[in-house]
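Here is a short report on one residue and the sheet beside it. Please keep the sequence and the model open while reading.

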Amino acid sequence: MKFPNKNIIGRFGRMMLLLLCFSFLMAGCGPFQDVVPEDVHSEDIPDEEENLVVVGFSQLGSESVWRTANSESIQEALTRENGFFLEFSNARQKQENQIKAIRGFISQRVDYIIFSPVTESGWDTVLQEAKDAGIPVILVDRKASLEDDSLYTAWVGSDMISEGEKAGIWLEEYLQKEGREEEEINIVVLQGTVGSSAQLERTTGFQNIARKHSNWHILKQEPADFTTAKGKEVMEMFLKNYTDIDVVISQNDDMTFGALQAMDEEGITTGVDGDIILISFDAVREALELVSQGIINVDIECNPEQGEYIMEIIRKLESGESVDKENIVEEKVFTQENVDEYLDTRTY
Ligand code: GYE
């Protein structure tokens with residue numbers, strides 16, 4: 001076996017620990033009350049013969065349609081039928097909850113920890129604890145900025161700098177097609193959770209392109225936490241402060257939905273025939289429908305279906321094979337021209 005410390009108590013021992021932790025949790029007095037796994041029931045606790053791979057998953061929250069699809073993809077891959085016992089913990093967008101969940105997984109001696117870090121910094125200590133316990137960590141979706149890269153075994157996610165660049169390149173080409181490449185262009189940006197990979201990298205990527213255009217002016221970038229409610233609030237503020245917005249960039253679809261409500265209330269239209277150019281990220285079904293209707297100009301896809309990749313990585317590690325450290329998922333760009341052929345098959 002690859003991770004020798006785990007053999008000290010063996011898989012059966014870990015099942016017993018899991019059972020013990022679970023009874024604590026049910027009694028409401030255990031160390032994990034704040035990180036109650038959502039899907040664990042006493043009859044689900046695996047027995048020794050099943051020989052399941054126990055995985056603790058700290059998901060950062062449930063703030064967006066994308067996030068729900070990401071959780072589902074992982075839950076659908078790491079099933080009992082596929083040989084896994086998955087403990088799911090929702091951190092509700094709080095780093096402290098994720099740290100608690102990870103510590104809980106360590107004391108249960110799970111076989112693997114997977115987690116999506118809400119923000120990039122602040123993980124060195126807890127991941128060192130996981131390493132010391134001999135538990136491999138697989139990062140999913142967002143990244144962690146670590147002093148020591150050996151604190152995680154693999155990462156599965158998107159190239160979000162490239163996503164930001166795709167948004168910039170699309171805008172470049174669009175303005176050119178419209179004969180507006182010389183015009184002064186005012187841009188506002190609804191950003192995601194401050195310090196998250198998605199916010200940092202999409203911002204950097206777009207700026208990589210924007211800096212080539214002295215006539216593009218980013219009037220304001222304001223965080224709206226990836227939620228519809230915040231997206232609406234921040235867009236209202238933009239509309240109050242700026243009367244000459246040409247482009248709205250929203251770093252996810254949920255904020256876009258909120259921004260659209262705010263603009264609609266002011267009688268402002270968006271999209272191919274609208275007053276404002278609207279650029280979004282994620283490409284969930286409801287947003288793709290708005291692309292098809294010409295209300296969102298372009299949606300840069302971010303692919304949440306990462307469960308299969310994680311399953312493959314764990315299977316390889318279980319059989320002693322090496323794995324790639326970085327695993328980037330495939331993504332497209334959707335406009336009115338190509339969106340209809342993908343709409344039918346979009347499940348989230
Ligand atoms: O774009 C957003 C979510 O980290 C890529 O997080 C993810 C982002 C996604 O809340 O909708």
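Ile276 is buried, at 5% relative accessible area (buried means under 20%, exposed over 50%, partly exposed in between, with a 1.4 Å probe and protein chains only). This is a predicted model: local features need pLDDT of at least 70, side-chain atom pairs count only at pLDDT 80 or more, and totals for chains, interfaces and linings use all residues. Residues are numbered from 1 along each chain as its sequence is written, and side-chain values use heavy atoms, without hydrogens and water.

Ile276 sits in the loop between helix H8 (253-265) and strand E9 (277-282). Helices (H or I, at least four residues) and strands (E, at least two) are DSSP runs, numbered from the N terminus. Beyond four places in sequence, Ile276 touches residues including Ile245, Val247, Met263 and Asn297; contact means heavy atoms within 4.5 Å.

Strand E9 belongs to an open six-stranded sheet, ordered E7-E6-E8-E9-E10-E12, with mixed pairing. Strands pair if DSSP finds at least two bridges between them. E7 (216-223) and E12 (333-335) are the edge strands; each has a single partner, so one side of each lacks a neighbour in the sheet.

Two helices pack on this sheet. Angles run from 0 to 180 degrees between N-to-C directions, with axes fitted to C-alpha atoms, for helices over the stretch in contact.

| Helix | Strands touched | Angle |
|---|---|---|
| H6 (197-210) | E6, E7, E8, E9 | about 175° with E7 |
| H8 | E6, E8, E9, E10 | about 150° with E9 |

Across the protein, buried residues make up 55% of the 348 residues.
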